[in-house]
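The exercises below are meant to be worked with the sequence and the coordinates side by side. Try each task before reading the solution that follows it.

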Amino acid sequence: MQASQFTVDTEEVAKFQAMADEWWDPKGKFKPLHMLNPCRLDYIVSQICAEFDRDPENHLPFVGLRILDIGCGGGLLCEPMARLGATVVGVDAAKRNIPVAQAHAKKSGLEIDYRFGTAEELVLQGEIFDVVLNMEVIEHVAEPEAYMKACQGLLKVGGLMICSTINRNTKSYIFAIFGAEYVMRWLPKGTHDWVKFITPDELYNLISNAGLQPVDKQGFVFNPVTWQWILSDRDLSVNYVTASLKP
Amino acid sequence: MKSTTDIAIIGGGLTGSLMALAAAKYGFSVCIIDAIAANMQKNPDFDGRSYAMAMASGRMLKALGLWEDIETETQPILDIKVTDGAVGEQPSPFFLHFDKYGLDEGPMGHMIEDRHLRAVLQSRLIDNVNITYLRGQRVEDQTAQMASSILCLDDGSEIHAKLVICADGRSSAFAQRAGVTYTGWKYAQSALVCALEHERSHNGFAYQHFMPPGPLAILPLKDNRCSIVWTETIENAHTIMAMDNDGYLDVLRPRFGSFLGEIKLVGKRFFYPLDMSIAKSFIAERVAVIGDAAHGMHPIAGQGLNSGMRDIAALAQLCLEAKNRGEDFGSQAVLARYQEWRRFDATALALTMDAFNRLFSNDNSLLRSFRTIGMGVLNLLPSTKRTFMREAAGVRGNLPDLMR
């Protein structure tokens, strides 16, 4: 009895490890996220450094900061934040992602608090953070206003929210849905619902109405020649990112 | 004994040493594991080996703070003359001529003697607090575990590194154990290398004489000296190598020509078998392969070390960027960027050198007239020639920060 219990656990762990490997395979199912990740991280790190007066060249520059990643998936953002010294909580509404992310963090030798749940639940639990990472989530939620209010509620006064999403226009339809899902097969068909995409003006209103102060916005632009994503001050036509403060 | 480090480097030659200094400059802790014992690398006597440092490589030495220590020992290359010919014949009238005025940035490169470069690197490695330098030790076993690679050394100690950089030369045994396979071929040529003292000044000119058995490169050193890389068929090379110094010079003279006056040997004579060996992958789990271990190429244009230095600058920069954004710099995602940046370029360069060698190292009369005219035409097209020069100076393409 004892032995079979052990077998089941090992199998479970092995299964989650395999899924973690899938999440973290730069050429695998999550290739588009891996390609975007350095660019997203550059933005996140530079915004946090600017806001909290940290030097990214220092050893563990984020020590003392409590960071929440909403929709953490396999931990592609949580692990870098933890590696920079932050205390990290990752939350995901997909239960199966939690043990997957835990398995990978353990393998990486990092301590990260992964939880199954939603931003709204964390507000009820009285959780509070210096930084909330709200990356590629808002276009998937049912009630963006309520969700944005929850994000605001999770921030300390003076805290920073980084929020990225996808613009809604003909170009984003062609690139994000037709291109990424149908032509390149980077994403499973049906990953995105174009009508839920949010224009920068709409996001600005969502953020302001939730009681946050937008301070910066930039585009993530894919260069098909170098096959890399870069940050752009001007081109917010498809993927873009914003930084806001809680006054 | 168990120790941990950010980066372990296999091989303490020029490439391994420069890699260590670049990584240490960027704040990584580094451990070099060099199979060669301490006293074998120290050879302060002039021995004739030298390198043509392209402009971009020179900039990297400046960025690493090494240049000031060797500048007085270097010879700028002010002009390169390329000719096609045969032994005892006059050089072809359509020789190709690259002078320093073709580039805005200054000389295309500098000649640096091996002994000076090596001595500076050795002392910097020892002085650097970020670098642990293990000499006379070998890696007996390697395994990737968790977020690090574990190296077991022959003295029983263990090193845990987040990234292992393989810089132990052509067809690296370490890389092969990590799963890297090689492709390539041996050339039917060998290289004879030595230094000469000559009567007249070289004025900073480098010469490349293409002759049927292979090219003869004459590279200016400080004072009235030059370093030659003389390529011959394997058989001829063995025969020439077996001769005494007088016999050696007697064979060389008609190839070398008389434009620098009387010549005599200084230092030792070296013999190198030639091959091309390209790693099919420049990365493995927690392993990056650099320099000759990734791309051993024909020395026809002296691009081996320069190309290795590009690997170093690119890899160091990618690791720094990854570390600063919190990524695991030894992860496949980061290593894949290195491979993407360097593999195509380095492999293309090795194949270009191969093609160059095939085009020039033969006596096919049709090819000879074709390349002779080709060089003449190239000489008349300044923009194309400029592109060639910028390529040779290493200032073309996507340059890493250390080379800007």
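What percentage of the contacts in chain A with a separation of 6 or more is accounted for by residues 24 or more positions apart?

The model is a predicted one, in which local features need pLDDT of at least 70 and side-chain atom pairs count only at pLDDT 80 or more, while totals for chains, interfaces and linings use all residues. Residues are numbered from 1 along each chain as its sequence is written, and chains are lettered from A and ligands numbered from 1 in the order in which they are written.

**Exercise 1. The two chains**

Task: describe the contacts, burial and secondary structure of each chain.

Solution. Two residues are in contact if their C-beta atoms, placed from the backbone, lie within 7 Å. With that criterion, residues 24 or more positions apart account for 67% of the chain A contacts that have a separation of 6 or more. In chain B, 75% of the contacts between residues at least 6 apart in sequence join residues at least 24 apart.

For burial, a residue is buried if 20 or more other C-beta atoms lie within 10 Å of its own, exposed if 12 or fewer, and partly exposed in between, with C-beta atoms placed from the backbone. Of the 247 residues in chain A, 41% are buried, and 48% of the 404 residues of chain B count as buried.

Helices (H or I, at least four residues) and strands (E, at least two) are DSSP runs, numbered from the N terminus. Chain A has 8 helices and 8 strands, and chain B has 12 helices and 19 strands.

**Exercise 2. The contact between the chains**

Task: determine how many residues each chain gives to the contact, and characterise the side of chain B.

Solution. Chain B contributes 10 residues and chain A contributes 15 residues. On the side of chain B that touches chain A, the largest share, 3 residues, comes from helix α10 (residues 332–360) of chain B. The chain B side then divides into 4 nonpolar, 3 polar and 3 charged residues.

**Exercise 3. Two helix pairs**

Task: classify the packing of α6(A) with α8(A), and of α1(B) with α9(B).

Solution. Axes are lines fitted to C-alpha atoms, for helices over the stretch in contact, and angles run from 0 to 180 degrees between N-to-C directions. Angles under 35 degrees count as roughly parallel, over 145 as roughly antiparallel, 65 to 115 as roughly perpendicular and the rest as oblique.

In chain A, helix α6 (residues 144–153) and helix α8 (residues 200–209) pack at an angle of about 50°, their axes being 8 Å apart. That angle makes α6(A) oblique to α8(A). The residues that make the contact are A:Pro144, A:Glu145 and A:Met148 of α6(A), with A:Leu206, A:Ile207 and A:Asn209 of α8(A), and they divide into 4 nonpolar, 1 polar and 1 charged.

In chain B, the axes of helix α1 (residues 14–25) and helix α9 (residues 304–324) come within 9 Å and cross at roughly 25°, and α1(B) and α9(B) are therefore roughly parallel to each other. Among the residues that meet are B:Leu14 and B:Leu18 in α1(B) and B:Leu305 and B:Ile312 in α9(B). The contact of α1(B) with α9(B) comprises 11 nonpolar, 2 polar and no charged residues.

Helix α9(B) itself is mostly covered, since 18 of its 21 residues are buried, and B:Gly326, which follows α9(B), has a positive phi near 85°.

**Exercise 4. Individual residues**

Solution. Because A:Leu60 has 11 C-beta neighbours inside 10 Å, A:Leu60 counts as exposed.

With 18 other C-beta atoms within 10 Å, B:Ser171 is partly exposed.

Not counting residues up to four places away in sequence, A:Ser172 touches A:Ile166, A:Asn167, A:Phe197, A:Ser237 and A:Val238. A:Phe197 is 25 residues from A:Ser172 along the chain, and their C-alpha atoms are separated by 8.8 Å.

How values were computed
Nonpolar A, V, L, I, M, F, W, Y, C, P; charged D, E, K, R; others polar.
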